[in-house]
Every structure is written in C-alpha cells, then in structure tokens.
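Keep the structure open beside the text as you read.

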Amino acid sequence: MDPSLYLDRGTWVHRLDPRTKMFLLIGSFVLAFVFLNPLYLLGVLAVVLLFGYLAGVLVNLRRIWFILVAIAIVSAILWSIFGSGRTPLFLFVEREAVTYGIGVALRIDITIIAGMIFLSTTRNEEVAIGLVRLGIPYRFAFAVSTALRLVPTIVATGLTISQAQRSRGLDLESGNFIERIRKHLPLLVPVFVTTVRSTNVFSMALESKGFGASPERTYFLQIAMGRRDVLVLVVFVLLLAGCIALRVVGGYGGLEGFTR
Amino acid sequence: MAEPEVSIRNLTYRYRGRKDPALDGINLEVAEGEFVVIMGHSGAGKSTLCTSLNGLVPHFLRGRMEGEVRVGGRSTREGRVGEFGQEVGLVFQDFEAQLFSTNVALEVAFGPENFQVEHEEMVKRVENVLRQVRLEGFEDRTPATLSGGQKQRLAIASVLAIQPRILCLDEPTTDLDPMGKLGVFEIAEELKNRDDVTLIVVEHETEETLDADRIVVLRDGKIVANRPAREVLQDVKLLEESSVMPLQVARFFHERGTEDEQLPLTPEEGVEEFERRGWRVSPERHRELVEADEEREQSYGETLIEVEGLSHHYPNGVVALEGVDLSVREGEFLAVLGQNGSGKTTLVKHFNGLLKPTEGSVRVDGEETVKQGIRRLGQRVGYVFQNPDHQIFSDTVADEVAFGPKIREMDEGEIGERVEEALTAVSMEGRGDEDPFGLTKGERQRVAVASILAVRPEVLILDEPTTGLDYAEQRSMMELIRRLNEAGSTIIVVTHTMWVVAEYAHRAVVMRDGKVALQGSVREVFAEEDELRDASLRPPHIVSFGNALGYPVLSVEEMLRVTEGG
C-alpha cells in the first residue's frame, strides 16, 4: 500500500502553482472560521468538496472518514452537554448548544478535508519549492516536506509492527482505557526505534548527496503562476471577500444565544 | 603511476563509547576504474570503511579518527561531506530509508539540485541515469510502489546522477530476491566496464563477487586479505575463518584435497575439472540420498495446515493469491520461495490468521482459521517477522520472551520455565537480563524466535530469518531452526537464500504470480533449473554443479559423499 496521500491525477487543480494551492488552503481555513452557523458551513463544505471532486481526489476521503466521523460525533456530543443556550430541546440539552457542536464539528472537518485535498494534489517537493519561492529558507521548507513524508512512513511501519505483535497474542481491543494505552507500548517502542534508525540513515544519505553543500541550489520542478492561477485566485478572493462581508457587515452566518 | 583514486593510510576509527575500534590500522589503495569487493563478518567495519570515503567519518559520525583517507588526492579531513559527495557516491544498505521523494524523477534529481546543476542538464541526467538502471518509464511512479530491486536501482540512480567518479555500494543486494540481485549486478557490470568509474562494493554473497578485480576481506576492523578476486576466492580456509561463505564448488574441491591454486570456482569450471580428474558420482550412494528423502517424508505426521482454493485480493484490487492448494504435515520443514510480489508472505500470513481468504479456505488442525482468530491461532502457529526490531520493545531479554506467556495469563512459575526453555533453545541461556537493544542483529533475531517459542507453537513460520546476517550467523540461525524441527516443530521458512533452502528445508513450494508454480521435495524442485529460472530463481552453485553431472545434490557434504575416484 502506498502510504502517501498524493494522487497523481494530473487535473488542472494538480497543475496549479503550489503557492496558489497554499493560498486556497489558508483561505478555506478562514472561510471555515468566519461562519458558525452549520447551514453556512455546509455551504463552505460543499465548495471544498466540489474542489476536491474536480481534482479527482475525493477517494482519499475513504482513508480519513473514520477520523472525520469520530471528530464530528465527539464534538457534537461534548458541546451539546457542556454548552448552554436559550431554547430547551430535551433534558438539560439546549438547541443552540447542539447547533454549536455541529458547527464546530463542521469547522474541524472542513479544515481536515481541505488539508487532505491539498496534500492529495500537491507533491511534498512542490510544497517545498512553493515555500522557497515565498521567501522561506530551503532548509526549513525541506524540513516541512520531510515531516509530511515521515507521517505516512511511520504509519506503514506501525502497521507491520502491529501485525507482528498481534501474531504474538497482543490484543488491543479489550480492557479499560488505561489498560489499552499501556498495551500500545509494544507498538510504540518498536515504531520509535525503527524510525530513529532509519532517520539516521536518511540524514547520512542526505549529506552524501550534497544536501546543503552550497547555499544555493537548482530545482528540477519548475513552477510559475499562470493565467489559470490568476483566474482561480481572483475567483477565490472574491468569494472570500463576499463571505467575510456577509458575516461581518451583514451579520449572517453566526449563532445567536449560545453561551459556554 | 598517477596517484590512486582512493588512498587510505593507517586508518583507525573508534565510535564514541565503544572500546574496540571499528577500523584498526587500515591501509588500502584503489586505482581509477578498479572494481573492488569488500567482504567480512557482521561488525567487521565494512560500512564504517564506506562512510570514511566521503567524509561521513569523521565529519558526521561521532568518534575518533586516526590516519588519513585521501580521495582524488585530497584528504577527507579538509572538506565537508557535501564536497566529497560529488566525487564519492555512497549507496547505503537500507535503501528504504534513503528514498524520500514523491516520484522517481525527483528522487534522482535531488543530488544534482544540491550541486546546482542547470535545469536542462538535470533533465538530461535524469533520463540517462534512469535508462542506465532500467527504470525508464518509471519517472512518475512513487518510490514506495516499486519492488525491492527497483528501489535499490533507484537508490543507485539517485547517486549516479551526481556523476561521482567513485561509486560505493554497501551490501546492495541484501534484501533482494534473486531477480532483484541480478538487476543490481547488471548495473555493476556495466559500470565496471567504464574506465572512469571506480566501483567499491560491500557484498556478502560470494557467488556474486567473481567479476571483481580485487577482494578485500576485513576481520575485526583489520584487513586480512587484499588480493586479486580469484586468489581470495580460492582461499577457502581464509573465507571460512572470516565468516564469509566460500564458493561451494571451490569448497568441494578443497575438501577433496585439491591445491588452492587449482580450485575451480564456478559450476562450469567445476564440471570440467571433475571430468578431467576422472572423478565419478556413485549412483548407489546417490540413491541412498534419494531414499533417505523418501524415508523422511514417510515419517511426517498428520496434516496440520490445509489450504484449498485460496485466493486473496487486497483492498486496492491487487490479486495476491489465486487458487492455491497446499498442505503442510506435522514435522515438515517447508520452504516457500518466489520473487518479491509472488505472494509468499501473503500466503503464510493466512496460516496464523493475519489475513483472511477472499476465496477458499485455510484450515489449521482441521478448523477454519477465520473461526479461530489470530490470538488462539497464535498458540498453534508462531510467526517470526523478518525484522526483529519490529517486535522487540522490552528492557530485558527475559521480559521480551515472557511477553507471549504473560499475555496468555500463565502463572509466574510457568512463565519462568518457558522463558528459560526458549532461551536455551536459541542458545542464549543465562542472558535474560541483557538489554535487547544492545545485542547484535543475529542475537536480536534469536530473541525474536525465542519470544515466539515461549508460547510453544506446533508450527513456526519464519520470514527471511537469515537476511542481514553474515555467513556464520546464518549457519547458526539455521542450525537452531533445524534443531527445533528435529525436536518436533513444524517449520515454514520464507526465504530468498537458496543455499539455506537446499541445505535445510525438506520440501519447497515455488510461488509465481500468486500461484504455486512448483512444489515437491527440495531435491526435485532444484533439479528443475529451467522452471526455477522462469520463476526468477537460481539454485546454489553446488546444486547446479550436481545437476550438470546428472545427480541432484543439495550440499557440498552430499556431493562429497557421492563422489568417487581420484
């Protein structure tokens, strides 16, 4: 199994400049946090999903749906219980609290989905060169893209290790909360040891291939802002401005009557 | 004569915190265009020697260096690793860890990028280098989706793209199937024929070193031989003493008293020499061997594992197994062979319930594995994974071994008894208090085996138990497994190491594209050289030698037993 999220689909979204996509990513975060009303957030979600659909990367949702659902449920339940509002719904739960819980769930899920779409359409190297072109030093940009690479590698190692330990009889499913956490020790130690070992080789390989040998370097990937990038950015900035105006000036999309 | 490409004088290197030096007074010169192979036991200093070539020793690794290493006339002390990177390309043993890009082309371009190669030139280099390692057309593939052999070739390509004058490969074939190995050696062969590239290869498979100009043998950080390849390969005694596997044909003639200088090395040379000397194979004694095989087959017990019409499809749609029928009887020693991706590991992961059949059934002791569950099956079928570091987590060896019994809630006395028993079985008795992370790879492998044995499974599955071990360690690991088999355990080994199969296994199953291509006694299977080649496998030299004489034998000892004359 390929542990990385990136899908080499070659759509126009993939071909956008990484800087454009970074802007879109941050913009969608802003959108998610401008609104609180779930109805408006559903609109934002629809935009994000449409974008993912156009990029042909929504299949990756299958890999993260569990996290999305878990976050949604936990958030909806916690806020319903601990938040308070004006309109009683049942028992001690108020309507505004439930709505707020759903809103927060949508916010978090939108940011995760947007992140997923970004990583599914942008290579680590593109992230790096995008950051470099934005004026960030290559070493830092490389560290970011290496961190992005490390996560799927660790997940893959973790899967193998979990198979090895389950073969020895490790049962992660039973026991109370504390017990279960303790049971993860046989997974965590080997993951840590293996990762440290391979990181050591990795850094030697980097040195040997001249990483940081000179302050300047050239790039195999060539990125440039094209007409398409400009178009996408203009459309998106208009959308963003419209939404902010709607919220701040018009006062729509908020949530009345919710208190903590 | 011009100054040698590499010149090492009195190099001694001691890693910080270690008492014994990793390298001890090394003197070595390598001329431009030479092909030098470095051999030696685990911990002999081979990898350290490699890292001293581009300045990782002393600049990157922590320790104390004495003496001098000069590359292209310049001391490695004088420049940084990055500077020497342009002269010395280093490919590390762990190829997984050195690939990090999201596609093949970018992986290859990384080096040239760092050395500020112009874009146009870079594109050209990527294209050339990929053609050289036969990965053209793979530019857009993610390295993670490549096979082991392809990954290793990519790692080599990523270094070649820097156009170093010296290429140093540290055990480039350790983790590869025979086909993958061949691919790497073809590249080495081409590089060897170029006068402008100096090739230094650390290798433990003696059969692959025949083409070298020179072989350097290290032992405990010292050079014990530095002579033309042929001469070293004929020195059977020296190789054995250095924990390096001697060539089997050479050893056969050596044991029969042939002078070192006359030792044939390859099966072809062997057959010629055998006939020239008028030696013969005794048909009677050979029949005794075959009869012993048959007798052993009679002695197996009940059927333990029964596989019927097994197919397995991975979630991404890949068909890993298709219509596999197989049975394993009590007391057998079965080897599962095949190239990477042929379905070997997928097959055996069904035996302990790690994977469930998409179609067909797998029964252990007459009951479907699906019904038994992995935990209960673990009592009957133990599975030792390839990399011991994927399972070791305890502070002491004893705790690690006690994990299985403890999790099955046995009482203290019972646990202690089993730990002792398991440690004795792997010849590590009395070492229960040691820290497993301080052990050598071979010892960690033993701890992993012991931790499975402590549950007393009837069947023991071992995935590549000899990978990454030197010859002496491989021998002792396999002797251990043989003892377990003789004591009643049923053994299933998944492996690429052909001589291990020939000498230790009873029966072999050859997998190819998810199907069983060949199965039978090891002797029968290894007699079918053509079919094996179709499955990208190659029997060990002594087997080929016997086959060429018309008598399939499995080891040097067997060959000695059936040979008459002279």
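## A tour of chain B

Chain B has a secondary structure of 24 helices and 22 strands. Please keep in mind that this is a predicted model.

Let's begin with the overall dimensions. Along the principal axes, the C-alpha atoms of chain B fill a box of roughly 70 × 60 × 50 Å. The radius of gyration of chain B is 25 Å, which agrees with the value near 24 Å that a compact globule of 566 residues would have. Of these 566 residues, 54% count as buried. Taking the contacts in chain B between residues at least 6 apart in sequence, 68% join residues at least 24 apart.

**Two domains**

Chain B is divided into domain 1, covering 6-242, and domain 2, covering 292-527. The centres of these two domains of chain B, taken over C-alpha atoms, are separated by 33 Å. Where they touch, 12 residues of domain 1 of chain B are in contact with 13 residues of domain 2 of chain B. On the domain 1 side, helix α8 (residues 178-192) of chain B gives the most, with 3 residues. By class, that side of domain 1 of chain B has 2 nonpolar, 8 polar and 2 charged residues.

**Meeting chain A**

Chain B also touches a partner: 57 residues of chain B are in contact with 47 residues of chain A. Which helix of chain B gives the most to the side that touches chain A? That is helix α5 (residues 104-114) of chain B, with 7 residues. The residues on this side of chain B divide into 27 nonpolar, 21 polar and 9 charged.

**Strands and their partners**

| Strand pair | Bridges | Opposite residues |
|---|---|---|
| β1(B) and β4(B) | 8 bridges | B:Tyr15 and B:Gly63 |
| β15(B) and β16(B) | 2 bridges | B:Val364 and B:Glu367 |

Together β4(B) and β5(B) form a hairpin with 2 residues between them. In its turn, B:Gly72 has a positive phi of about 55 degrees.

Elsewhere in chain B, an open sheet of 4 strands runs in the order β13-β12-β15-β16, with antiparallel pairing. Why is one side of β13 (319-329) and of β16 (367-368) of chain B left without a neighbour in the sheet? Both strands stand at the edges and each has a single partner strand, so one side of each has no neighbour there.

**A closer look at B:Arg16**

To finish, here is one residue in detail. B:Arg16 lies in the loop between β1 (6-15) and β2 (23-30) of chain B. B:Arg16 and B:Leu61 are 45 residues apart in sequence, while their C-alpha atoms are 8.9 Å apart in space.

Note on methods. Residues numbered from 1 in each chain as written. Chains lettered and ligands numbered in written order. Predicted model: local features only at pLDDT ≥ 70, side-chain atom pairs only at ≥ 80, totals over all residues. Domains from an automatic or database assignment. Contact = placed C-beta atoms within 7 Å. Nonpolar A, V, L, I, M, F, W, Y, C, P; charged D, E, K, R; others polar. Rg over C-alpha atoms; globule rule 2.2 N^0.38 Å. Buried ≥ 20, exposed ≤ 12 C-beta atoms within 10 Å, placed from the backbone. Pairing = 2+ DSSP bridges.
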